[in-house]
Amino acid sequence: MSDSIQQYIAGKLEQRKQENNFRSLKIIAGLIDFYSNDYLGFARDEELKKRVEAEVQSAAQYGLGSTGSRLLSGNSEYAESVERYLADFYGAEAALIFNSGFDANYGLLSTLPYRRDTIIYDELVHASIHDGIRNSRADATRFAHNNVADLEEKLKVSQGLKYVVVESVYSMDGDFAPLQEIALLCQKYNAGLIVDEAHAVGISGEKGRGLVCDLKLENKCIARINTFGKAVGAHGAVMLCNEDLKAFMINYCRPFIYSTSLPFHSLATIKCAHRFLLEADDRRAQLSELIDVFRQQFKGQTKYGLTASNSPIQSLIVVGNEQVKQIAQQIQQAGFDVRAILYPTVARGKERIRICIHSFNSKQEVIKLAEVINSL
């Protein structure tokens with residue numbers, strides 16, 4: 001490597017260290033999980049694992065690798081059958097599987113909106129949406145988080161085809177979007193509504209079909225992005241849409257066209273996990289109860305700010321990268337695995353401990369965690 005390139009890399013890394021936001025991969029073992037997105041415990045479930053293995057054995061002709069992109073050698077009748085199953089499960093006309101939620105959001109937002117169109121997005125949407133918007137040729141403007149009045153002001157002055165992009169459950173604050181009001185505004189101003197359901201799938205709605213289905217807004221969205229790496233306990237994502245948009249993406253979406261497809265084992269896991277969701281009412285009820293128990297321990301007051309969330313994501317606002325890392329370490333030393341979320345992942349002054357509650361956590365664990373937090 002050239003000396004100048006090496007110096008540039010070293011300088012940027014040193015800058016991160018000086019700003020107290022240097023990232024590194026870590027393995028923390030032996031602590032109680034209050035950090036992963038495995039809300040229903042599917043990723044660790046032995047029964048689901050057995051069902052996936054049986055599914056793989058029953059269709060062994062598909063092999064292990066995917067061998068290519070979907071447009072070349074990576075397509076199969078099994079892949080298309082899973083897409084049909086997902087479209088039916090989520091009440092959509094069509095479904096298109098992507099390798100990850102990042103790929104799906106980035107692919108859709110960088111492909112569909114075009115020059116002289118306008119994308120209006122909630123200021124707290126995921127980084128994958130931001131990156132997709134940056135790589136589209138459309139104009140873009142953000143609206144204040146969950147503020148439908150601000151959204152309407154932006155819609156009034158927008159030009160070209162209009163797209164509104166939100167999440168149903170926000171990954172950092174854990175709060176819900178006012179989807180009904182947003183859908184009405186989109187209808188009023190002839191805008192296409194795109195909803196990222198990553199943190200609602202498996203948790204919200206009947207059988208975990210998400211907030212859009214729960215509110216019966218399936219036909220009010222031009223696209224939904226449902227990811228499988230959270231409550232579903234699998235990998236990959238699906239774009240739910242109509243047949244025309246699916247065909248459009250197959251023809252124009254570079255992240256789809258030029259990506260090697262998911263292997264058969266991943267597809268089998270997605271299918272089995274969704275069948276498992278149909279049997280998970282007890283887990284969703286247990287999770288809801290534990291969320292209530294956790295929040296009750298604070299009686300509306302904490303030394304640090306607790307976000308207003310009724311989802312599994314409970315965030316404790318601790319201002320400053322150094323301070324939030326220290327608090328996270330103290331909680332870990334008490335036996336609970338939580339993680340600090342630093343600036344620039346969140347806005348400066350919004351650094352936080354992101355706590356994820358799961359159906360497999362016990363009531364005693366939840367109460368003890370709250371006691372540790374209250375003692376800090």
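Author: Helices and strands here are DSSP runs, numbered from the N terminus; a helix has at least four residues and a strand at least two. Asparagine 146 sits between two such runs, in the loop from strand 4 (139–143) to helix 6 (148–157). The model is a predicted one.

Asparagine 146 is not a glycine, yet its phi is positive, at about 60°. Why does that deserve a look? Most residues other than glycine have a negative phi, and most peptide bonds are trans.

Lysine 207 is another case. Its phi is near 60°, a positive value, and this residue is not glycine either. Look for lysine 207 in the loop that links strand 6 (191–196) to helix 8 (211–214).

Now turn to the peptide bonds. The one joining tyrosine 343 and proline 344 is cis, with omega about 20°. Proline 344 belongs to the loop between strand 12 (339–341) and strand 13 (352–356).

One more loop is worth a stop. It runs between helix 1 (3–18) and strand 1 (32–33), and it holds lysine 26. Lysine 26 has a relative accessible area of 62%, so it is exposed. Its C-alpha atom is 43 Å from that of alanine 191, a residue 165 places away along the chain.

The largest nonpolar core has 62 residues. Touching the most other members are Leu86, Phe294, Ile331, Ile353 and Ile355. Helix 11 (residues 264–277) supplies the largest share of this core, 8 residues. A second core of 47 residues is separate, and includes Val169, Ala200, Met239 and Leu245.

Take isoleucine 355. Leaving out residues up to four places away in sequence, its contacts include Phe34, Phe294, Val338 and Leu369.

Finally, look at helix 11 beside helix 3 (residues 77–89). The two pack at about 25°, with axes 10 Å apart. Angles under 35 degrees count as roughly parallel, so helix 3 and helix 11 are roughly parallel. The crossing is left-handed. Helix 3 brings Val82, Leu86 and Phe89, among others, to the contact, and helix 11 brings residues including Leu267, Ile270 and Lys271. The contact residues divide into 11 nonpolar, 1 polar and 2 charged.

Terms used: Residues numbered from 1 in each chain as written. Predicted model: local features only at pLDDT ≥ 70, side-chain atom pairs only at ≥ 80, totals over all residues. Heavy atoms only, no water. Core = buried A, V, L, I, M, F, W, Y, C linked by side-chain atoms within 4.5 Å. Buried < 20%, exposed > 50% of the residue type's maximum accessible area, 1.4 Å probe, protein only. Contact = heavy atoms within 4.5 Å. Axes fitted to C-alpha atoms, helices over the stretch in contact; angles between N-to-C directions. Parallel < 35°, antiparallel > 145°, perpendicular 65-115°, else oblique. Left-handed = near helix turned anticlockwise from the far one by under 90°. Nonpolar A, V, L, I, M, F, W, Y, C, P; charged D, E, K, R; others polar.
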